[in-house]
Amino acid sequence: TLCGCALPVKFPYYILDVPDDYSHMIVGSNVGSSSYLWIMTRAPRVEPARLEAMIDTACTFGFLRDAIRKREHDRPVPALE
């Protein structure tokens, strides 16, 4: 989603990593000369060491560490009911 709305975007993507407990997922895509990487977690916050380990995994697939941009989410995390 972008700005809270789903966009109908079609391009090839690869699921690079999903642990057995589904605690996170790393998805990558190469479209033309651009590379896209998404690191998604079930937890609203991730320990820095754990995030670095996920970035290390992405780098083993050819993603460049210096090109990865971190996005801070500013929306409040909804409470679980």
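A salt bridge here is a side-chain nitrogen of Lys or Arg within 4 Å of a carboxyl oxygen of Asp or Glu. Keep that in mind as you click around. You're looking at a predicted model, where local features need pLDDT of at least 70, side-chain atom pairs count only at pLDDT 80 or more, and totals for chains, interfaces and linings use all residues. Residues are numbered from 1 along each chain as its sequence is written, and side-chain values use heavy atoms, with hydrogens and water left out.

Start with a cartoon of the protein chain: the elements run β-β-β-α from the N terminus. Helices (H or I, at least four residues) and strands (E, at least two) are DSSP runs, numbered from the N terminus.

E52 is partly exposed at 31% relative accessibility (buried is under 20% relative accessible area, exposed over 50%, partly exposed in between, with a 1.4 Å probe and protein chains only).

Then pick K70: its salt bridge with E52 has the closest N and O atoms 3.4 Å apart. This pair spans 18 residues, with K70 also in the segment after α1. K70 is exposed, at 54%.

Last, bring in D56, which is partly exposed at 39%. D56 meets R65 in a salt bridge at 2.1 Å, N to O. With E52, D56, R65 and K70 all on screen, you have a network of linked salt bridges.
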